[in-house]
Amino acid sequence: MFDIKNYTEAYTLPEALEALRADEDAIVVCGGTDVLIRMREGKDAGKSLVSVRNIPELQGVRRLKNGDIEIGAAQTFRRLTADPVIRKYIPMLGEAVDTVGGPQTRAAGTIGGNICNGATSADSAATLLTLNAQVILAGEGGTRAVPIGEFYTGPGSTVRERTEVCTGFRIKRSDYDGFAGHYTKYGKRSAMEIATLGCAVRVKLSADKASFKEVRLAYAVAAPTPVRCPKAEAVLKNRRIDDDAAAQQFALTALTEVNPRSSWRASREFRMQLIRELALRTLKEAVEKARV
Amino acid sequence: MLKVIRMKVNGSLKELAVDERESLLNTLRTRLGLTSVKMGCEVGECGACTVLVDGEAVDSCIYLTVWADGKSVLTVEGLKKNTGELSRIQQIFVDEAAVQCGFCTPGLIMSAVEIVGEKKSYTRDELRRKISGHLCRCTGYENILNAMERVVKEVSDKEIPV
């Protein structure tokens, strides 16, 4: 039996927001793969749960008329990977969330939870950063859209108020159209693993596919929060894709934009080495995908 | 607080009063006596408690029972034939000596059922990835993979109870 004070199953957004306001011990639960474990470990023991898993607004993936893509927060990793819109337009995101835990975890865990728990190791976070995703938050005063680059405030903390519900993510067409990308998850095991380091690279090539029009780089576990590396990105703008010196400069510049820590999984020094090496390897993979 | 839920368990409709705080693992084991569902790590890592909810394998230890309201749950008990004999998937696990202590076996069998339901063929490496949510401390996985390969090749989704 979990140590839950009160349990509320919300079927509409107003119901969920009301339940969160009414009980100051209430927190949001969706897939349960983080929240229930934290409860069992005592970290969130005695809290009340407001389940948002049955709220229609939080489901599914939609491509709007203008080409923007909206992803419901309650979308499980497995459904995201299998989703036809994601497979067609942003396959990298489906691949990235397919590295989370194991099949059973991916059947239950959701992208909303992955981002809202604030972990720097979230496998969807680096990719969403390279997509300039907006986090949609519903609260008492209405809805606000927060760029994911401004969403994280520290380890395990975000700008989301306790009484707000993340309903999903919006990705502008201009942020995915024409790009290809790759996510590399580095860990000691190839499954049931939390990333020691995650690296996401998205590239947009010139028409002749010989040079970079735009490059985006983001990391998981390279800083207290998932982090984007704009200075490194700028290094490769308009450079040729076979310019090895520029690629090396790109990876070296990334090192100036990160701040990893030593943990039982890896030392800071090892993570710095991974940050440099994975930038190169992931860039190469992204270029190969872009050239297909 | 108790809540009345309706769920189909191994093909038959159950109406149950359950505590909102209980896991599906606990409900299946203690209220329904379905002890094939094993209590292992209780944090969603070992896969011993794996059951199918609407055909999808989930760790029942981190799944609240109230979430299964209106859904269909399948455990190993639901696989046996009317004659009481083992299903083909179970028999293949026996024949391939994919079972030693047996604690991980029911969970692995349920993942095998899910995989058969996908009606696709998989390479050994893909199967390795598909069973990566299960820990087995006895077999070293080789015999389990031998069994999984045979299951995918030989068992049709029509043999699986819904």
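Biologist: Which strands does H3(B) lie across?

Modeller: This is a predicted model. In it, H3(B) lies across S3, S4 and S5 of chain B. H3(B) runs at about 30° to S3(B).

Biologist: Is H3(B) enclosed by the rest of the structure, or left open?

Modeller: Largely enclosed, because 12 of its 13 residues are buried. Among the buried ones are B:Leu108, B:Ile109, B:Met110 and B:Val113. B:Glu114 is buried too.

Biologist: What covers those buried residues of H3(B)?

Modeller: The cover includes strands S3, S4 and S5 (72-74) of chain B. It also includes helices H2 (88-95), H4 (124-130) and H5 (142-154) of chain B.

Biologist: How does the end-to-end span of H3(B) look against 1.5 Å a residue?

Modeller: It agrees. The 13 residues, 105-117, should span 18 Å, and the end C-alpha atoms are 18 Å apart.

Biologist: What does the backbone do just after H3(B)?

Modeller: B:Lys119 takes a positive phi there, about 55°.

Biologist: On to the sheet under that helix. What's the strand order?

Modeller: It is an open sheet of five strands in chain B, S2-S1-S5-S3-S4, with mixed pairing.

Biologist: Why is one side of S2 and of S4 left without a neighbour?

Modeller: S2 (12-19) and S4 of chain B stand at the edges, and each has a single partner strand, so one side of each has no neighbour in the sheet.

Biologist: How far are neighbouring strands turned against each other?

Modeller: By 40° on average in this sheet, direction ignored.

Biologist: And how do S3(B) and S4(B) pair?

Modeller: Antiparallel, over four bridges. B:Leu52 stands opposite B:Ala57 in S4(B).

Biologist: Change of topic. What are the domains of chain B?

Modeller: The assignment gives domain 1 as 2-75 and domain 2 as 79-156. Their centres, over C-alpha atoms, are separated by 21 Å.

Biologist: How many residues do the two domains of chain B put in contact?

Modeller: Domain 1 of chain B has 14 residues in contact with 12 residues of domain 2. On the domain 1 side, S3 (50-53) and S4 (56-59) of chain B are the elements that give two or more residues. S3(B) gives the most, with three.

Biologist: What classes are on that domain 1 side?

Modeller: Eight nonpolar, four polar and two charged residues.

Biologist: Over to chain A. Which strands make up its open sheet of four strands?

Modeller: The order is S11-S12-S13-S14 of chain A, with antiparallel pairing. S11 (180-186) and S14 (227-228) of chain A are the edge strands, each pairing on one side only.

Biologist: How many bridges join S13 and S14 of chain A?

Modeller: Two, and the strands run antiparallel. In S14(A), A:Arg228 is the bridge partner of A:Ala218.

Biologist: Last one. Which strands of chain A does helix H12 lie across?

Modeller: H12 of chain A, residues 268-291, lies across S11, S12 (197-205) and S13 of chain A. H12 runs at about 35° to S12(A).

Terms used
Residues numbered from 1 in each chain as written. Chains lettered and ligands numbered in written order. Predicted model: local features only at pLDDT ≥ 70, side-chain atom pairs only at ≥ 80, totals over all residues. Domains from an automatic or database assignment. Contact = placed C-beta atoms within 7 Å. Nonpolar A, V, L, I, M, F, W, Y, C, P; charged D, E, K, R; others polar. Expected span 1.5 Å × (residues − 1). Buried ≥ 20, exposed ≤ 12 C-beta atoms within 10 Å, placed from the backbone. Pairing = 2+ DSSP bridges. Axes fitted to C-alpha atoms, helices over the stretch in contact; angles between N-to-C directions.
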